[in-house]
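Please have a look at it before I go on.

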Amino acid sequence: MAKKIVLQEDDIPRNYYNIVADLPFEPHPPLDPETREPMGPEKMAVIFPMNLLEQEMSGDVEIPIPEAVLNAYINYRPSPLVRAT
């Protein structure tokens, strides 16, 4: 069994897997630290980019990886995948 896996350009995943979509329950929403009430995306947009919030709050099983991130994966992969044993 191979322990070190080096992905070729064609093998790089094109979608993120969203485990939340497959959970048998819905996770609790993030709470506002001041009011202790659930926060909506408009309040979190002060800290996080809207694209990231859309991914984080999505109910889709697969979320497309943005082209800019894919290009970074293709041009620079910091290390190969290594299977833990």
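Let me begin with a question: does Val20 count as buried, partly exposed or exposed, judging by its relative accessibility? Please keep in mind, before we answer, that what you see is a predicted model. Val20 is found in the loop between E2 and H1, and its relative accessibility is 33%, so this residue counts as partly exposed, since that class lies between the cut-offs of 20% and 50%. Val20 also takes part in a nonpolar surface patch of about 360 Å², which it makes together with Tyr17, Ile19 and Val61.

Now compare Asn18, which sits in the loop that runs between strand E2, residues 15-17, and helix H1, residues 41-44. Asn18 has a relative accessible area of 9%, and because this is under 20% we call the residue buried.

Let me turn to the empty space in the model. Rolling a probe the size of a water molecule over the atoms shows where such space is left. The largest pocket has a volume of about 410 Å³, and of the 15 residues that line this pocket, the closest to its centre are Val20, Pro27, Pro30, Glu56 and Met57. Which helix gives the most to the lining of the largest pocket? That is helix H2, residues 50-56, which contributes three residues.

Pro30 lies in the loop between E2 and H1, and with a relative accessible area of 38% it is partly exposed. Leaving out the neighbours within four places in sequence, we find Pro30 in contact with Glu37, Pro38, Met39 and Met44.

Next comes charge. Side chains of opposite charge can pair when their charged atoms come close. How many salt bridges does the structure hold? The structure holds one, and in it the side chains of Asp32 and Lys43 meet at 2.3 Å, taken from N to O. Asp32 lies in the loop between E2 and H1 whereas Lys43 lies in helix H1, so the pair ties together parts that are eleven residues apart in sequence. The two partners can also be described by their accessibility, for Asp32 is buried at a relative accessible area of 5%, while Lys43 is partly exposed at 39%.

I will finish with two further residues of the loop between E2 and H1, namely Arg36 and Phe25. Arg36 has a positive phi of about 65°, although it is not a glycine, and with a relative accessibility of 58% it counts as exposed. Phe25 counts as exposed as well, at 52% relative accessibility. When we follow the chain from Phe25 to Thr85, which are 60 residues apart along it, we find that their C-alpha atoms are separated by 31 Å.

Definitions and conventions:
Residues are numbered from 1 along each chain as its sequence is written. This is a predicted model: local features need pLDDT of at least 70, side-chain atom pairs count only at pLDDT 80 or more; totals for chains, interfaces and linings use all residues. Side-chain values use heavy atoms; hydrogens and water are left out. Helices (H or I, at least four residues) and strands (E, at least two) are DSSP runs, numbered from the N terminus. Buried means under 20% relative accessible area, exposed over 50%, partly exposed in between (1.4 Å probe, protein chains only). Patches are made of residues with over 30% relative accessible area and no salt bridge: like charges are joined within 9 Å, nonpolar side chains (Val, Leu, Ile, Met, Phe, Trp, Tyr) within 5 Å. Accessible areas come from the Shrake-Rupley method with a 1.4 Å probe; for residues, only the protein chains shown count as cover. A salt bridge is a side-chain nitrogen of Lys or Arg within 4 Å of a carboxyl oxygen of Asp or Glu. On a 1 Å grid over the protein atoms alone, a cavity is a set of points where a 1.4 Å probe fits but cannot get out, and a pocket is an open set with protein on both sides within 12 Å along at least five of seven lines; lining residues have an atom within 4 Å of a point. Grid points are joined across faces, edges and corners, and a volume is the space filled by probe spheres set on the points. Contact means heavy atoms within 4.5 Å.
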